[in-house]
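Have the viewer open and follow along.

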Amino acid sequence: MTRVTFITPDGNQVQVEDAVGSLMNVATDNDITGIDADCGGVGSCGTCHVRVRPEWLEKVGKADALEKDLLDLEENATECSRLSCQIELTDEHDGLVVEVAGR
Amino acid sequence: MSQCPYHDPFKEARREKPVMATEFDGEPVAMLIGLKEVRKAARDHETFSSDAPFRVPIPREEDVRTVRQYPLEVDPPVHTEYRKIVEPFFRRATKPEYIEKMETLVDELVVDAVNRDSIEIVREFAIPLQSRALTFLLNMPESEADIWIQWGTHVFRDESGVSKGHEMEAYTNDLFDKAEANPGDDFFSALTQAEFQGRKLTRDEMQGYANIAFAGGRDTVINTISMVIAYLAEHPEALDALRDNPKLVTSATEELFRYASPVTHLGRMCPVDTDVHGVKVEAGKLISLNWAAANFDETVFDDPETVKLDRRPNPHIAFGNGAHNCLGAPHARLIVRTLLKKLSQHAASISITTAHRKVEKEADYERRNAFHTLDVTIEPRDA
């Protein structure tokens with residue numbers, strides 16, 4: 001089982017137990033504030049932007065070149081930024097904490 | 001997957017440099033055609049301003065409307081406040097009851113189309129679908145669509161050569177009168193009650209919102225629908241692929257928006273003399289953000305002229321980019337997703353009998369964009 005925590009732009013913490021699939025789907029299934037996911041998870045829209053806590057970056061992995069291009073122009077983007085639709089959760093991600101960038 | 005019949009008219013120019021010096025309305029326009037350059041400029045409202053009434057659309061629109069369009073033709077920070085007023089209406093397109101209404105509508109229209117011997121997609125399918133779907137977005141009675149259908153493909157520049165712009169302004173002005181007298185739950189009533197910087201909106205501002213609500217999502221949606229249907233007709237394997245894997249609908253929708261790129265470009269005005277990747281733009285003159293060219297940028301999209309229904313990531317900018325990105329995008333995405341789902345459910349195959357392409361003939365390029373007419377026959381699945 002994989003537990004993930006979203007820190008939403010208003011500062012709230014939302015924990016999701018038994019998270020499976022893409023991190024974006026987990027967010028939309030749980031109505032996480034700030035994750036609009038307009039394009040449905042195919043990396044078009046940039047509306048599922050999260051910042052992975054630095055200690056998790058190695059396990060989650062950095063954005064590839066195309067994803068980085070999408071994120072480069074997002075406000076509040078950092079080295080830890082990812083599109084949550086591009087993160088497939090595994091058991092390895094149990095305990096993951098991400099900040100939702102929002103708009 | 002199969003080759004699309006697309007010809008990207010900006011390919012050669014984009015290989016040379018990300019900007020093309022051209023002209024519209026007798027004025028010079030520095031047209032950005034590389035994806036990264038367009039995205040960057042779309043987010044730089046200080047250098048490239050939207051505070052240019054009638055000039056964000058190219059060609060300019062003084063001749064067809066009398067009001068500045070909101071929130072399209074203003075810059076942040078006021079843009080943010082103007083946009084916030086209508087954002088909740090446009091986000092309703094992601095709600096389950098809205099999705100269900102769209103399914104019912106598209107199912108009805110697709111079943112009707114399949115049961116006819118032949119159908120002209122633009123007038124007999126796309127315009128009714130666009131207009132009736134818009135009643136959901138604006139929360140108006142579905143019967144109101146009967147009026148909107150008469151406005152043709154493009155409110156301002158329909159093939160008939162007659163602009164319906166002034167007729168539409170009179171119609172929406174009347175709706176605001178009615179909404180002020182007797183407010184309901186619709187878009188127009190919401191605008192009459194909205195607060196902006198501690199005051200009510202002026203009638204011109206309300207008219208500016210209504211203007212783009214009708215004009216902005218019209219030819220764009222209609223053109224995308226005809227492009228999607230033509231694509232499915234020319235690629236019968238795509239219907240099979242969507243049937244075999246319904247999850248493909250999401251990525252196919254984005255890829256078909258990239259392929260159709262229904263808005264070729266929009267303008268921005270340079271408030272001061274500006275060097276745009278080597279092209280000098282004088283203060284007060286325009287640049288263009290060419291979404292269609294950007295969406296075929298081979299430095300970003302692998303094999304851009306091929307439609308790959310499973311393309312991901314797919315960082316297209318068919319809905320624009322940055323603060324002004326298309327408010328109607330969730331609604332438009334829902335229309336195409338539902339259309340793909342219902343066609344794959346009810347149609348065995350689609351064949352084109354006659355097709356007349358629309359061509360944008362400009363000073364330095366010609367771009368084929370959708371269809372004037374598209375006659376097809378659709379083979380039902382259960383026949």
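## Helix H11 of chain B

Glu237(B) and Asp244(B) are exposed residues on the face of H11(B) that is turned away from its buried side. On the buried side sit Ala238(B), Leu239(B) and Leu242(B). Looking down the axis of H11(B), the buried residues fall within an arc of 100 degrees, so they line one face of the helix. The arc is taken from the directions that run from the helix axis to the C-beta atoms. Here a residue is buried if 20 or more other C-beta atoms lie within 10 Å of its own, exposed if 12 or fewer, and partly exposed in between, with C-beta atoms placed from the backbone. Helices (H or I, at least four residues) and strands (E, at least two) are DSSP runs, numbered from the N terminus.

A quick word on the source: this is a predicted model, where local features need pLDDT of at least 70 and side-chain atom pairs count only at pLDDT 80 or more, while totals for chains, interfaces and linings use all residues. Residues are numbered from 1 along each chain as its sequence is written, and chains are lettered from A and ligands numbered from 1 in the order in which they are written.

## What H11 packs against

The buried residues of H11(B) pack against H10, helix H12 (248-260), H14 and E10 of chain B. Take H14: the axes of H11 (residues 236-244) and H14 (residues 329-346) of chain B come within 9 Å and cross at roughly 100 degrees. That makes H11(B) roughly perpendicular to H14(B). Angles of 65 to 115 degrees count as roughly perpendicular, those under 35 as roughly parallel, those over 145 as roughly antiparallel and the rest as oblique. Axes are lines fitted to C-alpha atoms, for helices over the stretch in contact, and angles run from 0 to 180 degrees between N-to-C directions.

Who meets whom? In H11(B), Leu239(B), Leu242(B) and Arg243(B) meet Leu340(B), Leu343(B) and Ser344(B) of H14(B). The residues of this contact divide into four nonpolar, one polar and one charged. Two residues are in contact if their C-beta atoms, placed from the backbone, lie within 7 Å. As for classes, Ala, Val, Leu, Ile, Met, Phe, Trp, Tyr, Cys and Pro count as nonpolar, Asp, Glu, Lys and Arg as charged, and the others, Gly among them, as polar.

## An open sheet in chain B

Chain B has an open sheet of three strands in the order E3-E11-E10, with antiparallel pairing. Strands E3 (119-120) and E10 (347-361) of chain B stand at the edges, each with a single partner strand, so one side of each is left without a neighbour in the sheet. E3(B) pairs with E11 (residues 366-380) of chain B over two bridges, and Glu120(B) has Asp375(B) as its bridge partner in E11(B). Two strands pair if DSSP finds at least two bridges between them.

Helix H10 (residues 219-234) of chain B lies across E10 and E11 of chain B, running at about 60 degrees to E11(B). Also in strand E11 of chain B is Ala370(B), whose phi is near 60 degrees, a positive value in a residue other than glycine. Ala370(B) counts as buried, with 21 C-beta neighbours inside 10 Å.

## Strand E9 of chain B

Five of the five residues of strand E9 (residues 286-290) of chain B are buried, so E9(B) is largely enclosed by the rest of the structure. Leu286(B), Ser288(B) and Asn290(B) cover one side, with Ile287(B) and Leu289(B) on the other.

Strand E2 (residues 27-32) of chain B runs parallel to E9(B), joined by four bridges, and Leu32(B) stands opposite Leu289(B). Strand E6 (residues 265-269) of chain B runs antiparallel to E9(B), with five bridges; there, Arg268(B) has Ile287(B) as its bridge partner.

## Over to chain A

The contact between the chains takes 13 residues from chain A and 15 residues from chain B. On the chain A side, five are nonpolar, five polar and three charged.

Within chain A, E3(A) pairs in the antiparallel sense with strand E4 (residues 81-83) over three bridges, and three bridges also join E3(A) to strand E5 (residues 96-100), again antiparallel. Arg51(A) has Ser81(A) as its bridge partner in E4(A) and stands opposite Glu99(A) in E5(A).
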